[in-house]
Amino acid sequence: MTPSTTTTHMISAIVFIVATLLPCPTNGAGGRWQFLTPSIGISAMHMQLLNNDRVIMFDRTDFGTSNISLAPGKCPAGAKDCSAHSVEYNVATNKFRPLTVQTNVWCSSGSVMPDGTLAQTGGSFEGERRVRLFKPCVNNNCDWQEVNLGLAKSRWYSTNHVLPDGRQIIIGGRKQFNYEFYPKTTDPNVHDLPFLAQTNDKGIENNLYPFVFVNVDGNLFVFANNRAILLNYLKNQVVKTYPQIPGGDPRSYPSTGSAVLLPLKNIQTKNVEAEVLVCGGAPKGSFTEASKGKFIQALNTCARIKITDPNPNWVLETMPLARCMGDMTLLPNGNVLIINGAGTGTASWELGRNPVLNPVIYRPENKIGSRFETQKPTTIPRMYHSTAVLLRDGRVLVGGSNPHSNYEFTNVLFPTELSLEAFIPSYLERPNLRPVIVLPGSQTKVKYSQKLTIRFRVMGNNVDAKSVKTTMVSPSFTTHSFSMNQRLLVLTPTGQVKKIGGMMYQVEVNTPASANLAPSGYYLLFVVNGEFPSQGIWIHIS
């Protein structure tokens, strides 16, 4: 496969390198699918994996009566019915239990605090200024705790990120061109962000659920619509303005694309590089046209930029499949899974068509022109309000899809989906190549700039010592095609991998040097043998 001619455009004195690639053939499709359960009782609009291997999911309280009842005595005062709109899914047992949310969590945001507590913020109507806290437990006695007026502003379609100091920042939302912190700081807790007003397309928006990442210098990369800034949130100063993506098509809700911070490598060096990848979305005008019944093909491009470069350029690549409303999940080996979504239309009620059933793997280390690999298709359309999260065992949990304002199961093009399935990447099909971590044990606590010894075994001594790497992944809060707080770091070894007897090996790595690289909290640690990751273990860094 060869890329077509690379064309260079000069736009606003910035040189953009545009590389149009031929789609990869599907005859090499990899991975497989595992159907887990036909119904969890709700549609998994929001997902978060916690450090007890449970996944918290919820949709909205005004979808109507769900298919799972609350436990006796858990019905909220004034509720129209006693059905649940949140569940806790136990990955190990493939079972779930209902949870109680008191107010509407529709189109909300969240991230896990450094102590492992899920802090979910905002929603709609009576829930728009609520904060809801869920602290993981093992005895099934934990449930949501709500903080009334925990937010200074209404937050609906906002984005959260854990900061190096342990707080969460909540950015944007419908008619909110500002940001605030949780827990609240001393006044003023709300700071204007004109960039959000500047990226707001009148009557359409195209700047909701902005893509936000902590850069390696501690500042925030904030992307909305078709462009981005680097924000010093402490001083409320824009320290860098990035060029617009070539073509200018929107990538943010409702023209929903997705984005990831690509794996951070060489993190012991003085100048760590960081790159962002934005994929999919919908062309200008798609939302208006879809509202009239005309469904335009989604964008088939990804845009990649080195955000730490003094003169950053976007590089465009062509995906095998056009896609909006897709999810992007970082895999333990550093590849990116692009999954779910539609081939035409946009996000919002009933506005997507042509479900994209094939996931695609993006290999960021490959040469341009050979980075995409189409995977085996699912049989279940995952349209608007679908989600995907990485599990500790290396599978990707997939759920949700409800493009309707209520639960609709019959006589509609895409029925409300209550099922869960898992995409199993091909790296799980070679157990003889997958390491098994022996030491340290799960839930180990580590410090910044610490030397960490890892022992692992591999069946049959199938180890290429030069290809072994250790990665740590921050589990994401995923909704509306964006995985908030998602992050992967490749840990720097202090020396070579050593064989210490039998099928046992040992490697020593340096943990990240600061919270700018890895904000404090729980991460999944993996040993990767070539392409093949171990099961993860939980570590906590502070």
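Which residues lie nearest the centre of the largest pocket? They are K265, E275, R304, P364 and E365, among the 34 residues that line this pocket.

The structure is a predicted model, in which local features need pLDDT of at least 70 and side-chain atom pairs count only at pLDDT 80 or more, whereas totals for chains, interfaces and linings use all residues. Residues are numbered from 1 along each chain as its sequence is written, and side-chain values use heavy atoms, with hydrogens and water left out.

## Pockets and cavities

The spaces described here were found on a 1 Å grid over the protein atoms alone: a cavity is a set of points where a 1.4 Å probe fits but cannot get out, a pocket is an open set with protein on both sides within 12 Å along at least five of seven lines, and lining residues have an atom within 4 Å of a point. Grid points are joined across faces, edges and corners, and a volume is the space filled by probe spheres set on the points. In the classes of lining residues, Ala, Val, Leu, Ile, Met, Phe, Trp, Tyr, Cys and Pro count as nonpolar, Asp, Glu, Lys and Arg as charged, and the others, Gly among them, as polar.

| Space | Volume | Lining by class |
|---|---|---|
| Largest pocket | about 710 Å³ | eleven nonpolar, eleven polar, twelve charged |
| Second largest pocket | about 430 Å³ | eight nonpolar, eight polar, four charged |
| Largest cavity | about 170 Å³ | ten nonpolar, eight polar, one charged |
| Second largest cavity | about 90 Å³ | eight nonpolar, five polar, no charged |

Strands are named here as DSSP runs numbered from the N terminus (E, at least two residues; helices would be H or I, at least four). Strands β22 (301-306), β23 (315-318) and β39 (487-493) each supply at least two residues of the lining of the largest pocket. The second largest pocket is lined by 20 residues, and those nearest its centre are T61, D62, A79, K80 and D81.

Six cavities of 30 Å³ or more are held within the structure. The lining of the largest cavity consists of 19 residues, with V112, S474, N485, G521 and Y522 nearest its centre. At least two residues of this lining come from each of β4 (46-49), β12 and β42 (521-529), and β42 provides the largest share, three residues.

The second largest cavity has a volume of about 90 Å³, and of the 13 residues that line it, L390, S474, P475, S476 and Q486 are the closest to its centre. The elements that give two or more residues to its lining are β24 (327-330), β30 and β36 (468-474); β30 gives the most, with three residues.

## Two open sheets

Strand β30 also belongs to an open sheet of four strands in the order β3-β32-β31-β30, with antiparallel pairing, where two strands pair if DSSP finds at least two bridges between them. Because β3 (32-37) and β30 (386-390) stand at the edges, each with a single partner strand, one side of each is left without a neighbour in the sheet. From one strand to the next, the twist averages 25° (axes are lines fitted to C-alpha atoms, for helices over the stretch in contact, and angles run from 0 to 180 degrees between N-to-C directions). Five bridges join β30 to the antiparallel strand β31 (residues 396-400), and A388 stands opposite V398 in β31.

A further open sheet of four strands has the order β12-β13-β14-β15, again with antiparallel pairing. Its edge strands are β12 and β15, each of which pairs on one side only. Two bridges connect β14 and β15 in the antiparallel sense, and N178 stands opposite D192 in β15.

## Backbone features in loops

Which peptide bond joins Y182 and P183? The bond is cis, with omega of about -5°, and P183 is found in the loop between β14 (178-182) and β15 (191-192). Another cis peptide bond joins Y253 and P254, with omega of about 10°; P254 has its place in the loop between β19 (237-241) and β20 (258-261).

Although Y157 is not a glycine, its phi is positive, about 70°. Y157 lies in the loop between β11 (145-147) and β12 (159-162), and with a relative accessible area of 3% it is buried (under 20%; exposed is over 50% and partly exposed in between, with a 1.4 Å probe and protein chains only). H480, likewise a residue other than glycine, has a positive phi near 50°; H480 lies in the loop between β37 (477-479) and β38 (482-484) and counts as buried at 6% relative accessibility.
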